[in-house]
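Dear colleague,

Please find the structure below, handed over for your use.

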Amino acid sequence: MNPEDPCRELPRFLDGEMSPEEQGRFREHLGTCDDCAQEFRDALQVELLGQMTMEEGPIRPRRPARRPHWWSGRWRDWRAWLAGVGVLVVGLVTLWLAPRVGGGDAGGAEWLVAEASRPLEARLTYDVVDRHYRRFVPVRSGAEGGTPGRAKAPPLQELSRMDARKDFHGIATAYVMHGALGQARAYLERMSASADRDCDLAVVALEQALLEKPTEVNGAQLKQSYLDEALELLEGVLHGNPRHPQALWNRALVLREMGLTLLAAESFDAVARQAEAGWSDEAWTQARMLREDTLARGRDWKDAYAATQDLMTDPGARLPLDEAAQHPGIVRLAFYDAVRTATSREGVERLLPLAQALDSKYGGSVLRDYVERVAERDFGSRAPVARRYVKLVREELPSSAEVMEELRRSGEEDIYLGALVFASFDGPVDVEALARLAEAQGDPWMRLIAAREQAASAEREGAWWKAEQQLQEALKTCLGSSLVYRCLDLEWRLSYLYLKLHRPADALGYAWSGWSRAKAARDWSFEQQFLQGLADVARYQHAFASARAYLEESLARMPEDCAQRTHVFQVLAAVEWQRFRPDSARRELDRALACERTVGMNGTFVLSHLARSRPQPRDGDHLRRGLVELRRQGVLPGREALLHFIEGQFELARSRVAGHALLTRAIELADQAPEEVEARKARAYAYAALIAEAGRVGGWSDALSLLERQLRMGPAPRQCLLAVSLHHERTVVLARGTSGRLLGHYDDSRAAPQRRAEGLVPPGLLVELRECEHVDVLAVPPVHGLTGLLPPDLAWSYRVGRGPTPSPPPAVGPGRHLVVTHVTGPASLRLPLLDILEPPRVPDPLRLELRGSQATPSRVVEAMADASEVELHAHGMFSPAVSDASLVVLAPEPDGRYALTADRVRSLRLKRAPLVMLVTCSAAKTAPYLHEPFSLPVAFIEAGASAVLASTVEIPDTAGGFFEAVRELVRGGAPASKALRDARVQWLKAHPSDGSWLPHVLLFE
């Protein structure tokens, strides 16, 4: 044989043409095959490890492109031939190696620690790798296809040894260390569940986060998703073993990457206290650096803020010139008030150096011109107005209509402008006057404040879409200037608006960019605001570990502030309640109440829930005080409905009659404002509470009647019906079989969020439905959209209401059969191109295909409007960073937009009530909303579709054939639910090994 190129001897080896001596030498030189063609190495590795190489990138690909089978007849290409016979080599190599290695231990894996330094800063749990400390040395260069600085694949021969002893942990570790994160994740998921496995999965998620570039489209949001995943895994490990050293270390790294440096320091401290050689010293160093840098930044900001506090009242106060260079935002705020309150020309002119220092930071001469203009005023008339303004700002004078009118008549427009801005923090002001005065000042800072207040006014009037547009336009203007402080304010307002609208994915983008910008600007106050905003985003998206981390970091930064403690603890109480930890929620709420301040919306909400199981004697007083404060400035109908729900739920635990009346009133108020998110929440929550109460006393007919009204669906079917409603720990299940008899089940023992539907329907009720040809399922979140509610051999579908506005009748006559296929997604997502669909077996004159780069969201939306059948064959994606529900990846528009989201779909009007088939992965995955179902299928129903088929999980590339079979059965006259069931049965018969995903295909009607 040729020892310099043993790979060329592979055909002779496979054909049995080698002597025993040659075979021995071939085995000895197998490891040198790393010099073979890349195609051979990849194919051999695929067959050796039994795992298709997963695409590395920010998103794990859905529906991977089908690989050509090795028996497909392409033998003339030697590369394809070598890939095909690779599996035979594996068998021979494994047989040869098996007697020479041990069992399941890590013996022989020392090659993983051959280097003097470790390639990962994170800690892996594989014993050989973590047993002895090695210093971390960051790699400066990058390697294409993997984590920067590391090769894509570890040595093939060593992997074969691990595979021979079924050492999946070792294989996964090797892949992580060499930057092949997709393969690492796949092998870790093949392991049995354990703390070590979850710890290493968290490392994979962390490394994927580190690969994200926040400057790219959705890069920051996707990074946050990976960090959420990593932290959730590590919290689970530490919940079972609080001293798990690798989990504590990795948690510190995740927290540091999230910017939560004080919490990261605490986690490093916990590692250091375990006194592990090497690790302890590195942990102490990391903790000290993180803590010192963070607290120093806070001290700098607080010192700068303190340096501005006397400018308004002390004519001889030091001008904060040095602070203006480091913290121009807060200094500029104080500068305006100093000019407004100066009572003499000399008092104004002494501020000229500060104006020039700020102008040099921002550019232009706006502030110097302002000082010079005010210095020319008549201070005989201006000084009394300035003194009145001092009292107003120091809250010694109310910002009443009389005071504001007095300042307006004074003619000192800059002082009146300042008074309007100050008064806007407590309620509505004359925004038209504010905008006019800001424009007259010629100051872009003031124009941006005016734009902010105009948006706030639109929001108070319920015109949130107008507020959204005004804030976005103002932010765009601001980002083109150097007014970082004002940009931070606008980003905060936008993220807060989106949170009020319950659009956490939109809020996340502005909260994350604002958080990053605030850290760069060293603005401690805005850092605090964005920390709490990010906590709310995470809570809405059920990333509870991240939500708690943001809140605890916020508290660690301002532990002495009682208002901050009250806010943080009441939000933590809400987080713990959502995690089904009522005792912990009670403790956090009691800590919030310890400051003797009124609790806000979160606090009163948790109080109303705790009334069922963890009441305290003074809870009624705390609730009333909180509700009074929340109503103090006047509220929109939606907020009033939500407050009625809170009060009604609290009273329901004490008086069924009083509670029922308040909850009924909450629904009435909510129905008057269906466009308000808080109204929709109040309506859903109030119905859930009433249904649960009806179920508790066995009122099955009342419960069903309430659910009918909640879903706005008219009378429920008299036969073959399943209805499910959850209200936190309480479950009500109702069923009617062919007899029409209504049966019910009530349970109040749920102790975890409902993520699966298996077991929700009791066996007795399931028996009642067995004779049904079709079962209509009425369900509300969190059950709506879950798989496994009924067995796959039953024909059933989720019934979806169309909302308070009835849909127009569908258009008559034939429509198009729209097929979207072979989509060219954005290159940045690095998704494989899906196979071209086979042409229809029967001529289809109505068929319209959009493929490749033609399949943009705008063209697909336009074509769907008049389609009677819609098939979307594309990649699906579920990332809470990009959309609150699953989305379909289409070809990018000229402006880069590529996603068909539920928000976009629900705004459409589908004229022909089409059958929609979403042949994309996870298309049915729903957002974790409790007040309304929000998913692509529901959006299509709301847009006018008659039925939607979609999967909640990843589906294979062959799924197109299954959906085609369903379509043909429907065209033949079969009801959609029966077509789905029958096609599932036929598919499993023809493809017995390719059906694990089929129970996850759901029907919505």
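**Findings on selected helices**

In this predicted model, helix α22 spans residues 431-441, and its buried residues are Val431, Ala433, Leu434, Ala435, Leu437, Ala438 and Gln441. Among the elements that cover these buried residues are α18 (366-375), α21 (413-423) and α23 (444-460). At the start of α22, the backbone nitrogen of glutamate 432 lies within 3.3 Å of a side-chain oxygen of aspartate 430. Just after the helix comes glycine 442, with a positive phi of about 70 degrees.

Helix α21, one of the elements covering α22, also meets α19 (residues 379-393), and the axes of α19 and α21 come within 10 Å and cross at roughly 10 degrees. With angles under 35 degrees counted as roughly parallel, the two helices are therefore roughly parallel to each other. On the α19 side, the contact involves Arg382, Val385, Ala386, Tyr389, Leu392 and Val393, which meet Asp414, Ile415, Gly418, Ala419 and Phe422 of α21. By class, this contact has eight nonpolar, one polar and two charged residues.

Helix α11 (residues 245-257) reaches 19 Å from its first C-alpha to its last, close to the 18 Å expected for its 13 residues at 1.5 Å a residue. Because 11 of these 13 residues are buried, α11 is largely enclosed by the rest of the structure. The buried residues run from Pro245, Gln246, Ala247, Leu248, Trp249 and Asn250 to Arg251, Ala252, Leu253, Val254 and Leu255. Glycine 259, which follows α11, has a positive phi near 85 degrees.

With kind regards

Technical notes
Residues are numbered from 1 along each chain as its sequence is written. This is a predicted model: local features need pLDDT of at least 70, side-chain atom pairs count only at pLDDT 80 or more; totals for chains, interfaces and linings use all residues. Side-chain values use heavy atoms; hydrogens and water are left out. Buried means under 20% relative accessible area, exposed over 50%, partly exposed in between (1.4 Å probe, protein chains only). Helices (H or I, at least four residues) and strands (E, at least two) are DSSP runs, numbered from the N terminus. Contact means heavy atoms within 4.5 Å. A polar contact is a pair of N or O atoms within 3.5 Å; within protein, one must be able to donate a hydrogen and the other to accept it, and residues adjacent in sequence count only if both atoms are side-chain atoms. Axes are lines fitted to C-alpha atoms, for helices over the stretch in contact, and angles run from 0 to 180 degrees between N-to-C directions. Angles under 35 degrees count as roughly parallel, over 145 as roughly antiparallel, 65 to 115 as roughly perpendicular and the rest as oblique. Ala, Val, Leu, Ile, Met, Phe, Trp, Tyr, Cys and Pro count as nonpolar, Asp, Glu, Lys and Arg as charged, and the others, Gly among them, as polar. The expected span of a helix is 1.5 Å times one less than its number of residues.
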